[in-house]
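Dear colleague,

Please find below the structure I am handing over to you, with its sequence. My findings follow directly after it.

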Amino acid sequence: MNKKPSFIVVTIVVTVLVLFGGLTKLVHPLIPPPTPNKLVGESADYLVQGATESVNWRVMDDSAFADARRLDKPVLIVVGASWSKLAREMDRDAFSYSEVQNYLNRNFVCIRVDSFERPDWINAYLPISRIQFEFRPGFQIWVLDTQGRLFDFIGKGGDINSLDHDVVLGMLIRARLAFDKLRNQASFESELAQNQKADQEMIESSREASPVFRQHNDILAKQTDPVNGGFPQGGYQFLRPNSWRFQLQTGQFRAFEKSASPMLHSQMVDLLDGGFFRLAERPDWRSVNFDKLAVANAELMKTFAMAGALEGDHLASYLAKKTFDSLTSEFVVDGLVAGCRVGDEGPMDRSARSSFSPRRLREVLPDNDERNWAISNLGLEVSKNNQ
């Protein structure tokens, strides 16, 4: 059987690909960068990330709402941070596509807020009733009418997790259609606007009330996952240092152990550099985001140092010390403690620093029996732990 023709075809294909790759490298520097938008010159990291996108981003100010009224366009407020994996993916997988950019520019007044610089915006909308939705701290998209009233948000029913630009475009079209339906009803208040008003009234009325510790502990107990611990919300596990410390300070030691211990034995703990990663995308504390927040880690250090002192929990004490080492080493930049450490995950959600690849495992353990033992006993089975 003559295999020469197929060999020649393969050779030609490879040659063409190599030439194309070389041509791409030569041409790429000649492609002009996108025209900067109104975020150029801003210093906040998340604003800098969007400064060269072809979206007419602007900062939060009164002129943005004045332009919305003049142009009769809804206001799209994107609240994000450099330490949010979801925010980075949205920039990469949605806001970088021309279809999404063009639709945003034609149909919305677009505002970008850095939640690290402006933490007051993290809980600005639906601070109480949002618990029924799947919100993740660090990234939110709100849609307001020309009067500044909330009427929609991007991410209903968990659809914010699908970052395909076509899906995002569909969500934006839905929001614009909702605005067009309400635009001629000046006195109409959307259900979300009513929820926002009710949340604000509840917050105002509760400021003078005395805390009811037993009731709060009962709420925490009900929210604790009986299998995985923590207080999952929308399928995610967040770090809750203040809730865990509250349990310790009110003597709820069993409740604390039930809610905190599974996290302390999970991959949320950075045993390499110390401290804790930001969140897990599954209730069993897997699929972690490799971002780290200095404030959250400082709170966790305090909480688990307290657990070590009150309960003699040696693991909690050890991790508190490791967290202190993390804050005084990897977070220190030019003599100051940085606010965050941005994750280094790749397309497969593996961290160059914190993950262990199958290829590396084969290199370290070439013996099949040893490698199979490690896979079974050290959580290195890719089908169960892709990170």
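I begin with one residue pair in this predicted model: Val-79 stands opposite Gln-140 in β3. The strands concerned are β1, residues 75-80, and β3, residues 139-144, which pair in the antiparallel sense over 6 bridges.

Both strands belong to an open sheet of 4 strands with mixed pairing, in the order β2-β1-β3-β4. At its edges are β2 (109-114) and β4 (150-154), each of which pairs on one side only. From one strand to the next, the twist averages 25 degrees. Helix α3, which spans residues 62-71, lies across β1, β2 and β3 and runs at about 160 degrees to β2.

The axes of α11 (residues 294-311) and α12 (residues 314-327) come within 8 Å and cross at roughly 150 degrees. Since an angle over 145 degrees counts as roughly antiparallel, α11 is therefore roughly antiparallel to α12. The crossing in which α11 passes α12 is left-handed.

On the α11 side, the contact is made by Ala-294, Asn-297, Ala-298, Met-301, Phe-304, Ala-305, Ala-307 and Gly-308. These residues meet Ala-316, Ser-317, Ala-320, Thr-323, Phe-324 and Leu-327 in α12. By class, this contact of α11 with α12 comprises 10 nonpolar and 4 polar residues, with no charged residues.

With kind regards

Key. Residues numbered from 1 in each chain as written. Predicted model: local features only at pLDDT ≥ 70, side-chain atom pairs only at ≥ 80, totals over all residues. Heavy atoms only, no water. Axes fitted to C-alpha atoms, helices over the stretch in contact; angles between N-to-C directions. Helix = DSSP H or I, 4+ residues; strand = E, 2+ residues; numbered from the N terminus. Parallel < 35°, antiparallel > 145°, perpendicular 65-115°, else oblique. Left-handed = near helix turned anticlockwise from the far one by under 90°. Contact = heavy atoms within 4.5 Å. Nonpolar A, V, L, I, M, F, W, Y, C, P; charged D, E, K, R; others polar. Pairing = 2+ DSSP bridges.
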